[in-house]
Amino acid sequence: SKRKADIAGELSALGDRNVELKASEQDRLTLAYSEIADRTRDFLQKDLPRQEAFQSARQINFSFGSDKISVNGESYFSASSLVILKNSFLAGFLFAATKDREFRHPRLAILDTVEDKGMEPERSQNFQKMLVAASKGTKVDHQIIFATAMIAEELDTDAYTVGSFSSHDDRTLAV
């Protein structure tokens, strides 16, 4: 009877601890999702005025399971705005990780699709400048690899670029 009571007590304590851990995990996820959404919203609001929902962004929702991102409940945008949204989300993820030492995400972003879908040079270059400004604003080691054919003139320096510029006649990959 004593052993049975001890085991029942232990099971009850373990059950309570499990509930506590699940609540703590949910709190942590809520905090992480909120930080990602906040950083993503920062990028969207600084985008060139091409998408009204971005300029007035209040609520960013995303689901990894559904592979969806919405801004103020809206998820259908022009192709170039979807590119900005997707890359702002990836940047938001990176910069959320730089703000929170418990964030379990590498402080690395590789962005190679900013010029898809008819992206205009000014919009791409604005996004590049936002990335650099956000990068300078953090004191945590991180890395951003950004492939572009429309580099902002002030970023076309050895401080930001690696390798040669690819052209039709002079490809960067020697195949």
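Biologist: In which helix is Pro 121 found?

Modeller: This is a predicted model, and in it Pro 121 is partly exposed, with a relative accessible area of 34%. Its C-alpha atom is separated by 19 Å from that of Ile 110, which is 11 residues apart from Pro 121 along the chain. The helix that holds Pro 121 covers residues 121-136 and is α4.

Biologist: How far apart are the end C-alpha atoms of α4, and what span should its 16 residues have?

Modeller: At 1.5 Å a residue, the 16 residues of α4 should span 22 Å.

Biologist: Against which elements do the buried residues of α4 pack?

Modeller: The buried residues of α4 include Arg 123, Phe 127, Met 130, Leu 131 and Val 132. Asn 126 and Gln 128 are also among the buried residues of this helix. The elements that the buried residues of α4 pack against are α1, α2 (52-55), α3, β3 (108-111) and β4 (143-146).

Biologist: Is helix α3 largely enclosed by the rest of the structure or largely open, and how many of its residues are buried?

Modeller: Helix α3 takes in residues 79-99, and these 21 residues should span 30 Å at 1.5 Å a residue, which agrees with end C-alpha atoms that are 30 Å apart. A residue counts as buried when its relative accessible area is under 20%. Helix α3 is largely enclosed by the rest of the structure, because the number of its 21 residues that are buried is 16.

Biologist: Is Arg 39 buried or exposed, and which residues is it in contact with, leaving aside its neighbours within four places in sequence?

Modeller: Arg 39 is found in helix α1, which runs over residues 2-45. Since buried means under 20% relative accessible area, Arg 39 counts as buried at 16% relative accessibility. Leaving aside neighbours within four places in sequence, the residues in contact with Arg 39 are Gly 92, Phe 95, Ala 96 and Lys 99.

Biologist: What is the phi of Asp 67, and where does this residue lie?

Modeller: Most residues other than glycine have a negative phi. Asp 67 is not a glycine, and yet its phi is positive, at about 55°. Asp 67 is exposed, with a relative accessible area of 72%, and the place where it lies is the loop between β1 (60-63) and β2 (68-71).

Biologist: Where is Asn 72 found, and what is its relative accessibility?

Modeller: Asn 72 is not a glycine either, and it has a positive phi of about 55°. Asn 72 is found in the loop between β2 and α3. Asn 72 counts as partly exposed, and its relative accessibility is 24%.

Biologist: In what order do the elements of the protein run, and what is its radius of gyration?

Modeller: The protein has 4 helices and 4 strands, and from the N terminus on they run α-α-β-β-α-β-α-β. For 175 residues the globule rule gives 16 Å, and the protein is well over that value, so it is more spread out than a compact globule. Its C-alpha trace spans about 85 × 35 × 35 Å along the principal axes, and its radius of gyration is 22 Å.

Biologist: What percentage of the contacts with a separation of 6 or more comes from residues 24 or more positions apart?

Modeller: Of the 175 residues of the protein, 31% count as buried. Among contacts with a separation of 6 or more, the share that residues 24 or more positions apart account for is 60%.

How values were computed: Residues numbered from 1 in each chain as written. Predicted model: local features only at pLDDT ≥ 70, side-chain atom pairs only at ≥ 80, totals over all residues. Heavy atoms only, no water. Helix = DSSP H or I, 4+ residues; strand = E, 2+ residues; numbered from the N terminus. Rg over C-alpha atoms; globule rule 2.2 N^0.38 Å. Buried < 20%, exposed > 50% of the residue type's maximum accessible area, 1.4 Å probe, protein only. Contact = heavy atoms within 4.5 Å. Expected span 1.5 Å × (residues − 1).
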